[in-house]
Amino acid sequence: PEFISVANLGAALGVRLNVFLGELEELGFENITKDNILTGETAALVAQEYGFEPTVEMGEDEDLKPRPPPKDPSSLPLRPPVVTIMGHVDHGKTTLLDYLRKSSIVDQEHGGITQHIGAFSVKMSTGKQITFLDTPGHAAFLTMRQRGADVTDMVILVVAADDSVKPQTLEALKHARSSKVPIIVAINKVDKESANVNRVKSDLAAHGVEIEDYGGDVQVVCVSGKTGQGMDDLEENILLLAEMLDIRAEPDGMAEGWVLESSIKPIGRVATVLVKRGTLRAGDYIVAGTVHTKIRSLRNEAGVEVDEAPPGTAVEILGWKDPPDAGDMILQAPNEDKAKIATRYRQELKERTEAIQQQTQMEQAKRDKA
Ligand code: GTP
Ligand code: MG
């Protein structure tokens, strides 16, 4: 509502009316009665005094929203697992990813140019697909988690066999635990002379990781991103875990996903997007934060144009006039009008929320002075 009476606001905040009136006077409202009408902005300021976060309601809600979760997920088709690689600096995350990418069928088929991209989907030698995400230290990942996004299905915790558990290993563990996703441990660099696999295992156990060697159910795979040792095992473990998790999504309906990265390339503005539901195709209208676009084209990690991006795959999307922010949710709109209206609504909401915050800060400053 744009306006609210003092009586109704007091009730909404759960404060007895006579107490509320007294407190309003203390806040500087003069001769206030229960019938006084406050504007939405003023009401928000008062609400903030009571520890509420101000949000503004506007006229008709013209925003796009994600669909409700599926009623019976078990009847949906399987989708590729989304796997995030985490671990301490220099423990070999990128090397492992590069190895997986090079050994994938896609690369051999198209001979595409390998470029650095933080997310990609590959078809394994078994024909099964896996989507890998790098760069988890990313602010975008934190943003997505705060928004309750279940971006990843599992975490590969990379620990170098010659360095063992380090601060960022523990940080990664914390992330995995708070997002409640299962982990697979990849002990990397086992080709090195100084490798000490047992030390890594006991260090992990000491930090509460229930690894299989100690009777737990966390798989541990010894690998080398340099020689390729153990990489088939790692793939197999990922696919086995995915099978157990029974990861399914609807390939049709309005698509939903997340912006993982956003950048400017010679071909224009590009966003790397992870599709979670539905399928994105060229010509589709999508909204991300306060921007929208018609998809010009989709490309895989090898820079090869693809026709569509089904659930569980990561693609680059071209065609943005304004760049979306990493961490933003992507929602498909049924048509251009709906996309425009939704972004206009979001823009307005953003401006009004900012205005209220500014006003609140000014009032606070005034009160601090007084
Ligand atoms: P950041 O992205 O900086 O956190 O590092 P990262 O975890 O991605 O590590 P990266 O893959 O860049 O590897 C770091 C160094 O370790 C590089 O010099 C790699 O060549 C080396 N390296 C990675 N994996 C292995 C391995 O299995 N064996 C050996 N001997 N060296 C490796
Ligand atoms: Mg790296």
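**Entry 1**

I take helices (H or I, at least four residues) and strands (E, at least two) as DSSP runs numbered from the N terminus, and I count two strands as paired if DSSP finds at least two bridges between them. Axes here are lines fitted to C-alpha atoms, for helices over the stretch in contact, and angles run from 0 to 180 degrees between N-to-C directions.

I then looked up the pairing of strand 3 (residues 82–87) with strand 5 (residues 129–133): the two run parallel and are joined by three bridges. Val 82 stands opposite Thr 131 in strand 5.

I found an open sheet of eight strands in the order 13-12-18-9-10-17-14-15, with antiparallel pairing. Strand 13 (291–294) and strand 15 (305–306) are the edge strands, each pairing on one side only. Strand 12 (residues 285–288) and strand 18 (residues 329–333) run antiparallel and are joined by four bridges. Within strand 18, Leu 331 is the bridge partner of Val 287. Helix 10 lies across strand 12, strand 13 and strand 18, and runs at about 10 degrees to strand 12.

**Entry 1: helix 3 on helix 10**

I examined helix 3 (residues 40–49) against helix 10 (residues 336–369): they pack at an angle of about 60 degrees, with their axes 10 Å apart. That makes helix 3 oblique to helix 10; angles under 35 degrees count as roughly parallel, over 145 as roughly antiparallel, 65 to 115 as roughly perpendicular and the rest as oblique.

From helix 3, Glu 41, Ala 44, Leu 45, Gln 48 and Glu 49 meet Arg 352, Ile 356, Gln 359, Thr 360, Glu 363 and Arg 367 of helix 10. By class, this contact has three nonpolar, three polar and five charged residues. Ala, Val, Leu, Ile, Met, Phe, Trp, Tyr, Cys and Pro count as nonpolar, Asp, Glu, Lys and Arg as charged, and the others, Gly among them, as polar.

**Entry 2: helix 1 on helix 2**

Helix 1 (residues 6–13) and helix 2 (residues 17–26) pack at about 105 degrees, with their axes 10 Å apart. The two are therefore roughly perpendicular to each other. Val 6, Ala 7, Leu 9, Gly 10 and Leu 13 in helix 1 meet Leu 17, Phe 20, Leu 21 and Leu 24 in helix 2. The residues of this contact divide into eight nonpolar, one polar and no charged.

**Entry 3: confidence and conventions**

I noted an average pLDDT of 87 for the protein, with 90% of the residues scoring at least 70; pLDDT is the predictor's confidence in each residue, from 0 to 100. Over residues 105–115 pLDDT stays under 50, and the model has 27 contacts beyond four places in sequence for them. Where pLDDT is low, the predicted coordinates should not be read in detail. The model scores ipTM 0.98 and pTM 0.78.

Residues are numbered from 1 along each chain as its sequence is written, while chains are lettered from A and ligands numbered from 1 in the order in which they are written. Local features need pLDDT of at least 70, side-chain atom pairs count only at pLDDT 80 or more, and totals for chains, interfaces and linings use all residues, whereas side-chain values use heavy atoms, with hydrogens and water left out.

Conventions
Contact means heavy atoms within 4.5 Å.
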